[in-house]
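Take the two chains one at a time. Look at how each is divided, and at what lies where the parts meet.

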Amino acid sequence: MARSASPNRQARPRSSPRASHLDLAQRILDLARARGMGAGAHLPEQVLATACNVSRTPVRAALDLLVDQGLAEHESSSGYRLAAGFSPASTISGPLPDAAEADLARRILRDRAARRLDETVTVGELIRRYGAARSAVGKALARLAEDGLVTRAPGQSWVFAALPDAPESQADSYEFRLMLEPAALTAPGFRLDPDRAAALRRAMVAFLAEPDDRLDPRAFQTLDAAFHGLIARGAANRFVADALGQHLRLRELPGAVVRANVVRLRQAMQEHLGILDQMEAGRFDVAADLLCVHLRLSRSQRPQAANRGAPPLFGLTYRVGGDG
Amino acid sequence: MAEAPVIAFFPEASFGAALNCVGIARAAQARGARPVFICHPGFTGIFADYGFQEYHLPAVGAPPSADYWQDFIRRHLPHFNLTPIDQIETYVAPTWEAIVDTAIGAEAALAALLARLRPDVVVLDNVVMFPAIARAGCPWVRVVSCAETEIADEAVPPYCSGLARDDREGRARFLARYLRAVAPAQDRYNRFRAGAGLPALPPGEFLEPSPHLNLLLAPSILRHDRARPLDPARFAFLEGAVRREGPYDLPEFPKGEGPLVYVAFGSLGAMDVALMERMIAAFAHVPARFLVNVGAFRDAYRAVPDNVHLEGWYPQPSVVAMADLFIHHGGNNSFCEALYHGVPSLILPYCWDGHDNATRAGETGTGMRLDRARWTTGDLAAAIAALVSDQAMRARLRENARAMQASPGVDLAAERILALVPGRAKAAG
């Protein structure tokens, strides 16, 4: 029987694997080892998707990666199996994500967040700015497009998506999360990953133990993303999980970085722990209520401007760079 | 166990006053007090974010339209390009009218709130008196978070004049115009005071010194020699009231090494996008790295140079501490933060006491003034280069910073405030 890539693999050109696919492939290998699976064992997509709390699409990409590595095989009739050469000691040896391509994508985003790049850019402009080859720029843009951060416009132009780095888009971002995150918690079938929850609790408690002058806003942002990611991944509805996951990735971009004073960072982290308490106790409805409060406090309004001597009325806007 | 004394802070609706009070409130909290904040409508969340209870005064009148501030800026930006004396009729007098409106509008709600809160001390950081505070039945503290010029003296240049200390002729001319222009607002305010049972204030004044305690945010290095020295029992000079913030991680600059320059013009200044755009374009030609505070207007900028980084909010004291130069509008809070961290100031004043601080920076060798309406890229680059390379100034500023940090203004302020609480004078004092 012919052994080949999945139909999905045949249909679209392969770009370098994304870090998230590598991570998922690693988890699938860990799962196979933990379940004592040997060479030739069937790797059912849906079972893996459920076990890893993701949809089948990324699972398929991760399995394709294992096929590329020689650790799995694909048959069009029966799906994926562990390869004949698989052993519990097998590891992923590469290829790692194209570091240069990832770095170029990162620099493009950094410069867009800093408004060094306009909303619309051309490939030629990027080639000149970064001294990169056309192919490298193309790959970096393709990577950003895959995450929904740029879309192709007529000609050689690309348009950046709105990033949650301005007051209006941050307000929209909070509204979006207020609609979906509590609903993810209260919908039937929410699953808390207990290992991740325990690890996250340890990290959040350690963060709070730091003195004010060492309370690193970037560490906060990492933990904040992990905490809200835990909720997104636990959603039983895959579309909710995907939408929240993609939105949370937007919040990790440069320019969307958390800028709040240390007191608010501590408050927000305490709120995370309170929500986690309820989640671990299985009281997801209470956790959802606390989550609403947490998100509302994080998006609290701030005056856009006020100054000594300015008239008593002033406009309102959302905090620039809120936490949550 | 005795209840914690309630200290009601009532800063005006500006970030400078608000954050000064946050610094003092945190020091008071560390000494066992329960600070709470009375806020103007809309100034929501600032104090709660620092962990303090907020009480909001209700809004007076209709809420502002979406383009209220755009209109405000369009109306006043041309005035900010005028000399201080020419701002008297165009900006200062109308602003006093608005401040009087604020005081009148807030009175009833403030009186009701104070009656409910029953604070042990009220701390007012504003430029106008609210009669409800005088009648609250507890001691009140005036925080002078503007330049020292806010407390008039024959040997001190007039408030908002930007005059040099020895400009006697300019002083007479400025005062004559000032008193004439603000007289209608002041008359109206005095009638309001009379109705509330308070005595009239002398011409040009809207806020009397507190009979209990007055705190001036005027570091020693900036202080004037007064013709009539202030009574130390009632007037305490603070070496600033600089609060602590968390650490700031420097962003990656695609290009640029050299001195780090922090640029922030306050919330009003951030709205002057045209000036900021011009400065940012000029920064491209200066061999330094610039952190620029653009408030809520990041989307207004494009083609930002590789040695410039924009953000809407910075933990300012932490950033100033890392900077080699602070370019600001002369806000007293900003100026004090620069001095507290030994950083020279390049001041482009807009209005109010920014003019006074800009002139004082030159007089005291702590910085330099640049006219916001008349500068070239060459002027700006030369001023930056001069300030970052002036080793004598830097050494003096470093020494001064050590002295300021050794006597934190927030601690002294908290101790003096708590000494007003009945029964705590001895313990605090």
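How many salt bridges are there between domain 1 of chain B and domain 2 of chain B? The count is zero. This is a predicted model, and polar contacts are counted in it for pairs with both residues at pLDDT 80 or more. On that basis, 16 residue pairs are in polar contact between domain 1 of chain B and domain 2 of chain B. The boundary has polar contacts, then, but no salt bridges.

Now place the two parts. Domain 1 of chain B is written in two stretches, 6–242 and 408–428. Domain 2 of chain B covers 260–406. Taken over C-alpha atoms, the centres of domain 1 of chain B and domain 2 of chain B are 25 Å apart.

Next, the contact itself. Domain 1 of chain B brings 40 residues to it, and domain 2 of chain B brings 34. Between them they bury about 3,200 Å². Carbon and sulfur atoms give 63% of that area. On the domain 1 side, I221(B), L222(B) and V242(B) lose the most area to domain 2 of chain B. Together these three account for 22% of what that side buries.

Which helices contribute to the domain 1 side? In chain B, α1 (15–30), α2 (68–80) and α3 (84–117) each supply at least two residues of the side that touches domain 2 of chain B. The most comes from α3(B), with seven residues. By residue class, the domain 1 side of chain B holds 25 nonpolar, twelve polar and three charged residues.

An unreviewed UniProt entry places "domain: Erythromycin biosynthesis protein CIII-like C-terminal" at residues 282–410. That span of chain B is 47% helix and 15% strand. Its end C-alpha atoms lie 37 Å apart.

Turn to chain A. It is divided into domain 1 (7–82), domain 2 (99–160) and domain 3 (167–318). Domain 2 of chain A and domain 3 of chain A each give six residues to their contact. The buried area there is about 410 Å². Carbon and sulfur atoms give 72% of it. The domain 2 side of chain A consists of three nonpolar residues, one polar and two charged.

What of specific pairings between domain 2 of chain A and domain 3 of chain A? The count of salt bridges is zero.

In an unreviewed UniProt entry, "domain: HTH gntR-type" is placed at residues 24–82 and 100–160. Residues 24–82 of chain A are 54% helix and 17% strand, with end C-alpha atoms 15 Å apart. Residues 100–160 of chain A are 57% helix and 16% strand. There the end C-alpha atoms lie 21 Å apart.

Notes:
Residues numbered from 1 in each chain as written. Chains lettered and ligands numbered in written order. Predicted model: local features only at pLDDT ≥ 70, side-chain atom pairs only at ≥ 80, totals over all residues. Heavy atoms only, no water. Domains from an automatic or database assignment. Contact = heavy atoms within 4.5 Å. Buried area = accessible area lost by both parts, 1.4 Å probe. Salt bridge = Lys/Arg side-chain N within 4 Å of Asp/Glu carboxyl O. Nonpolar A, V, L, I, M, F, W, Y, C, P; charged D, E, K, R; others polar. UniProt positions renumbered as here; feature names shortened; annotations may be inferred. Helix = DSSP H or I, 4+ residues; strand = E, 2+ residues; numbered from the N terminus. Polar contact = N/O pair within 3.5 Å; in protein donor to acceptor, adjacent residues only side chain to side chain.
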